[in-house]
Amino acid sequence: MIKIKNFILIILILQHKINIAGFKPLRYFIFLGILCGTMSLKAHPMPNTLLQLSIRSDYLGMKIATPIPDFELAFGQHLEDFKDSNALNAALATYFEQHIRITDPQKHSWKPKWGGYQVQETTDAMIGKYKEVLFELQFKPDVPTNMRQFTLFYDAILHKIQTHKALINIVQDWDNGIQDQTQLLGVIEWDISTNQILPMHVSLENGSYWKGFKRIFQLGMSHISEGTDHLLFVLVLLLPAPLLVSGRKWSIFGGIRYTLMRLFKIITAFTLGHSLTLLLGTLGWVRLPAQPVEILIAFSILVSAIHAIKPLFYGKEIWIASGFGLVHGLAFANLVGKFELEPARLMLSIVGFNLGIEWMQCLVVLLFMPSLLLWSHFSSYSWIRLGGAIFTGIAAIAWISERLFEKSNVITILVEKIAHYALPVAGLLFLGAILLQIRSRLRLN
Amino acid sequence: MFFATLLSAFLGWWERPATQPKTVAPRTTQKLLSPSTTQEIVNLANAFKQTLTATQLTTAQLTYNLANAQKWSNLPVTFTPRIGIRFGDLTAIQLTAAKALIRAASGSGANEGYAEMEQLWAADEYLGANGGGTAYSAGQYYLAFLGTPAMTGTWELQTGGHHLAFANTYRDGILIGATPSFRAVEPFAPFASGANTYEPIRQERDALAAMLTGLSATQLATAQLPTVFTDILLGPGRDWQFPTTRVGLQVSTLNATQKTLVLDAIRTYVSDIDDVEAETIMTRYTNQLDQTYIAFSGTAAITTKNDYVRIDGPGVWIEYSLQGGIVIRTANHPHSIWRDRTGDYGGTGNPTSSIKNLAETIFSVDNYPNPVLNQTTLRFNLRQDATVKITMTDLAGREVITPMQRKFMAGNNVLALDLNDLSAGTYLYTLEIEGANKVSKKLFKQ
């Protein structure tokens, strides 16, 4: 999936003015940076094991990613030597049962369940491409217990390779707001001075449905604010909204009531569209791979940009907007769907994410609409409309190419840079509109 | 005691046995006639400082503390920046003065001391020209003064780069620490540099291999470790973590020839510093030889990937590890370190000198990441199971999270916290066992 991780100033300012608690997409980015930075400082030439924990309501999910050479050295056999995949799975399950144990504070062990393995190629900053193997396990307490406090005894690979480490991360703790980021808990390694591997006692702050809901709402918001493509799509739909059509061309200002009605219809249609596919997609009923969906989104932006230049589907905007909504919703579903949640949290995620998207879209409309309304009285508005539409159109073509060939290009990089100035642009637009209004009133007097 | 003294006297006399591998050139004794005194080193340090501009001086002359002393690494400088002034930023005159200082502080033997450093600088030039790029060059080496070079007070002469770390600590004119001293090389094969052909760190490998292959099969079995080492254990950042129990084969069980081979191996590291100082340290290590252990993993020839050797005594700690190539992928390359169990950084940071910690149930408290974005993990250790109260306040002492009281188990603990609702600023968190101890730390929220 092409994840556009750029931040727009609007939000930084807005969150202070409108007081939206704690929305900080930039911080995710810095966090990742710090994480990567710190890890590379301590990096060993060969990458270490990455252990990813998912806290579920009745079990603990675990994914173990480790370089194949190190694993085979510790395992004592080559994965390829097994002719029978059942025998290999059984041998791997036994190996990890011997080397991982999870107990609760009452010292009861949680029951491991083998979830299979897969070999994949990964890239490391220091050694380049290498093959790693990914193991999946689940640990389930016999009796329902507090899943938020446990001890991890782990010595897989380390029992053989004394210089190996396992980095322990939480990748999913929905109730505590860990949804699409990673929290590093610590490192399990040999304690050199005592010559042993110490267990890690893990405690997680108590979370709640409300906390999880709040975070998924913020995630929905950041999806629009950080996704320059979604943002431009909304803006380019707004551009011709105040205008009437005459002779297959955009003509003059159609009045405030006319504009608001059109806006209301477009936005509602788009919302209904993406809500439907977000729901269907997240529930797994409709699931499309990310790449074609992302290409379709870029295409929808291109069509909307052309529509802002010359009306293509005037009067049928509802249908077009809801159709595009369906496409955009599929992309949202790809994000929420990968969380693999149980029904209650899944529904809360769908609703929270959708509301976050909605809220952000409303903010964008509120930020730009007054300027457009004020400016669209004047003939010079066509310059604004054409400028915005052409800019968006070029960006859309660049995105289509980027997503087709999976390689970013000069234009997409430039668009991301320009997106940083969205707020000053909005400010200038507003200032220009006000000046025009003042001038015209002075003339009338 | 008498025996040990006698042995050391004997070994001192028996310095170079006939079994010495050919690649190790005989040590020159020229320098012994005019040893560098600390006064000379201080003079050369000041002479170098005089060549620097005011700006350069602020880069080179730093404060003496453990944090600065620990800023060495085995990674290219582009991965882990070093402190001090970069050779590449010095004029020819300045560089000459810097090298004169480094030469005075290091050994004069062939392939060791200063000669070895020249070879390691050249090795990075070779790497740069053979696929490594600009991250590797002789200009990517640094020199720093931690504390002001003088005959009084404590200061460290720190120099190093990609595969080299040299740390001489002086107090009141006396060398009190010559470690951690890291040496490694890639390419690990003879390479040309101008008219010369170099093969640094080969001498260390040969001496260590001679030490191992000189052992009987039974002795080898005792010395062999069950685990695999893909690198040295006590690399950068692993200060003062020496194992409480030594493993492998105790040198006291070795015969005289075998003991000599152990000392020869140690000497390939100790002779990297000034010849006279090296002799003083060698005498100490010779006296401690019977309490020293040797251990290895992999093969005794030290030619295969993941081969590993360790010499661990009351003072000396040497590790040598053969690992895969980074720039030249087709060959292995070694990492090695000489540390001293009491003398690293001249003793600075040695935890056994601050025993107050032992009385505390909660220790090693920190949080990661700090500054905090949304989530953070508090990490702490407990000496026994305990109920810990965790509070967090702003700098005015107002509580900002609901206090938590939980039972935690002895050992490593991690507590994941969500601080998304906190506004940016500085906070204090406190871990407290009622009636026992209390630890407070600062936390920054972005």
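## Two helices that cross in chain A

In this predicted model, the crossing of helix α7(A) and helix α10(A) is right-handed. Helix α7, residues 256-282 of chain A, packs against helix α10, residues 343-375 of chain A, at an angle of about 160 degrees, and their axes lie 11 Å apart. Angles over 145 degrees count as roughly antiparallel, and α7(A) and α10(A) are therefore roughly antiparallel to each other.

Which residues meet where α7(A) and α10(A) are in contact? On the side of α7(A), they include Ile256(A), Leu263(A), Phe270(A), His274(A) and Thr282(A), while on the side of α10(A) they include Leu346(A), Phe353(A), Glu358(A), Gln361(A) and Leu373(A). Sorted by class, the contact of α7(A) with α10(A) has 14 nonpolar, seven polar and one charged residues.

Strands of a sheet pair through backbone hydrogen bonds, and the pairing may be either parallel or antiparallel. Strand β13 of chain B, which covers residues 316-324, is mostly covered, since eight of its nine residues are buried.

Strand β12 (residues 308-312) of chain B runs antiparallel to β13(B) and is joined to β13(B) by five bridges. Together β12(B) and β13(B) form a hairpin, with three residues between them, and Asp312(B) stands opposite Trp317(B) in β13(B). Strand β14 (residues 332-340) of chain B also runs antiparallel to β13(B), joined by nine bridges, and within β14(B) the bridge partner of Ile318(B) is Trp338(B).

## A second hairpin in chain B

Further along chain B, strand β15 (residues 362-368) and strand β16 (residues 375-382) run antiparallel and are joined by five bridges. How many residues lie between β15(B) and β16(B) in the hairpin that they form? There are six residues between β15(B) and β16(B), and Ile362(B) stands opposite Leu382(B) in β16(B).

## A four-stranded open sheet

Four strands of chain B form an open sheet in the order β18-β17-β20-β21, with antiparallel pairing. The edge strands are β18 (404-408) and β21 (438-445) of chain B, each of which pairs on one side only. From one strand to the next, the twist averages 25 degrees.

Within this sheet, strand β17 (residues 386-394) of chain B pairs with strand β20 (residues 425-432) of chain B in the antiparallel sense, over six bridges. One place to look for this pairing is Thr393(B), which stands opposite Leu428(B) in β20(B).

Conventions: Residues numbered from 1 in each chain as written. Chains lettered and ligands numbered in written order. Predicted model: local features only at pLDDT ≥ 70, side-chain atom pairs only at ≥ 80, totals over all residues. Heavy atoms only, no water. Axes fitted to C-alpha atoms, helices over the stretch in contact; angles between N-to-C directions. Parallel < 35°, antiparallel > 145°, perpendicular 65-115°, else oblique. Left-handed = near helix turned anticlockwise from the far one by under 90°. Contact = heavy atoms within 4.5 Å. Nonpolar A, V, L, I, M, F, W, Y, C, P; charged D, E, K, R; others polar. Pairing = 2+ DSSP bridges. Buried < 20%, exposed > 50% of the residue type's maximum accessible area, 1.4 Å probe, protein only.
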